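Please open the structure in a viewer and keep the sequence at hand.

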Amino acid sequence: LRSLEWKRFEDLCDEYSKTKGMRTQTTRLGADGGIDIRIYRETGDPMGVIQCKAWKKDIGVKLIRELAGVMAHEKVKNGVFITTSSFTPDATVFAAANGIILLDGKEFLNAIKTLPASDQEHLLTFATSGDYTTPTCAKCGVKMVLKTGYSEFWGCPNYPRCRETIRIRGAERK
């Protein structure tokens, strides 16, 4: 799960939701306003939102508060936050008090394991088909390229039209 790049993780969360029978729609690339996936009722009315973070560090209460604000703005009562990492105790307390479901990496994998074997296989194939580790440019939606020089970083292949980059921590050259 932690080897998935951010966009593949979001897409996996969406595919999992669809496998569970939900009607969903992912948000556009770029600033998403704190929503990665919208959940709809059969009538087409919005019912909930999902925020996904493929992070290594713990998710703090600030991001859970932001999700609660988005839920109020969207006028929905259902909110889910899914991450590859885990949540801080403050985030867990706030989420419980505000009816937000939290799924850390371990819980998300356990949820997938409760599905029928065919659905589990489908999600594994979905998650790992093609290049699932190279980051996607948040602005262009294309796979980034590794750039080297003084430091290593991921850069958008559409440079100079797009200047999106992702720093690789600990990659500074000596």
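## A tour by selection

Begin with K75, the residue that follows helix 2 and has a positive phi, near 60 degrees. The model is a predicted one. K75 has this positive phi although it is not a glycine. It lies in the loop between helix 2 and strand 4. Is K75 buried or exposed? Its relative accessibility is 73%, and because values over 50% count as exposed, K75 is classed as exposed.

**Select residues 61-74.** This is helix 2, with 14 residues. From its first C-alpha to its last, helix 2 reaches 20 Å, close to the 20 Å expected at 1.5 Å a residue. Now colour V61, L63, I64, L67, A68, V70 and M71, which are the buried residues of helix 2. What covers them? The cover includes strand 3 (46-53), strand 4 (78-83), helix 3 (89-97) and strand 5 (100-103).

Helix 3 is now displayed beside helix 2, and the axes of the two come within 8 Å and cross at roughly 20 degrees. Helix 2 and helix 3 are therefore roughly parallel to each other, since angles under 35 degrees are given that description. On the side of helix 2, the contact is made by V61, I64, R65 and A68; on the side of helix 3, it is made by D90, A91, F94 and A95. By class, six of these residues are nonpolar, none is polar and two are charged. In general, an α-helix has 3.6 residues a turn, so residues three or four places apart point the same way.

**Select V49.** This residue lies in strand 3, one of the elements that cover the buried residues of helix 2. With 2% relative accessibility, V49 counts as buried. Which residues does V49 touch, not counting those up to four places away in sequence? They are I35, I37, L67, M71, E74, V76, N78, G79 and V80.

**Select residues 6-19.** This is helix 1. Its 14 residues should span 20 Å at 1.5 Å a residue, and its end C-alpha atoms are 20 Å apart, which agrees. Ten of the 14 residues are buried, so helix 1 is largely enclosed by the rest of the structure. The buried residues are K7, R8, F9, E10, L12, C13, D14, E15, Y16 and S17. Among the elements that cover them are strand 1 (23-26), strand 2 (37-40), helix 4 and helix 5.

Display the side chains where they touch: F9, L12, C13 and Y16 in helix 1 meet F108, A111 and I112 in helix 4. The residues of this contact comprise seven nonpolar, no polar and no charged.

Helix 5 is the element now shown. The axes of helix 1 and helix 5 come within 10 Å and cross at roughly 160 degrees. That makes helix 1 roughly antiparallel to helix 5. Here the crossing is right-handed. In helix 1, the residues that take part are R8, D11, L12, E15, Y16 and T19; they meet D119, H122, L123, F126, A127 and T128 in helix 5. The contact divides into five nonpolar, three polar and four charged residues.

**Select P135.** This proline is found in the loop between helix 5 and strand 6 (145-147). P135 is buried, with a relative accessible area of 9%. Leaving aside neighbours within four places in sequence, P135 is in contact with E5, V142, K143, M144, W154 and I166. From P135 to W154 is 19 residues in sequence and 7.5 Å in space, C-alpha to C-alpha.

**Finish at Y159 and P160.** What kind of peptide bond joins Y159 and P160? The bond is cis, with omega about 10 degrees. P160 is placed in the loop between strand 7 (153-155) and strand 8 (165-167).

Technical notes
Residues numbered from 1 in each chain as written. Predicted model: local features only at pLDDT ≥ 70, side-chain atom pairs only at ≥ 80, totals over all residues. Heavy atoms only, no water. Axes fitted to C-alpha atoms, helices over the stretch in contact; angles between N-to-C directions. Helix = DSSP H or I, 4+ residues; strand = E, 2+ residues; numbered from the N terminus. Contact = heavy atoms within 4.5 Å. Nonpolar A, V, L, I, M, F, W, Y, C, P; charged D, E, K, R; others polar. Expected span 1.5 Å × (residues − 1). Buried < 20%, exposed > 50% of the residue type's maximum accessible area, 1.4 Å probe, protein only. Parallel < 35°, antiparallel > 145°, perpendicular 65-115°, else oblique. Left-handed = near helix turned anticlockwise from the far one by under 90°.
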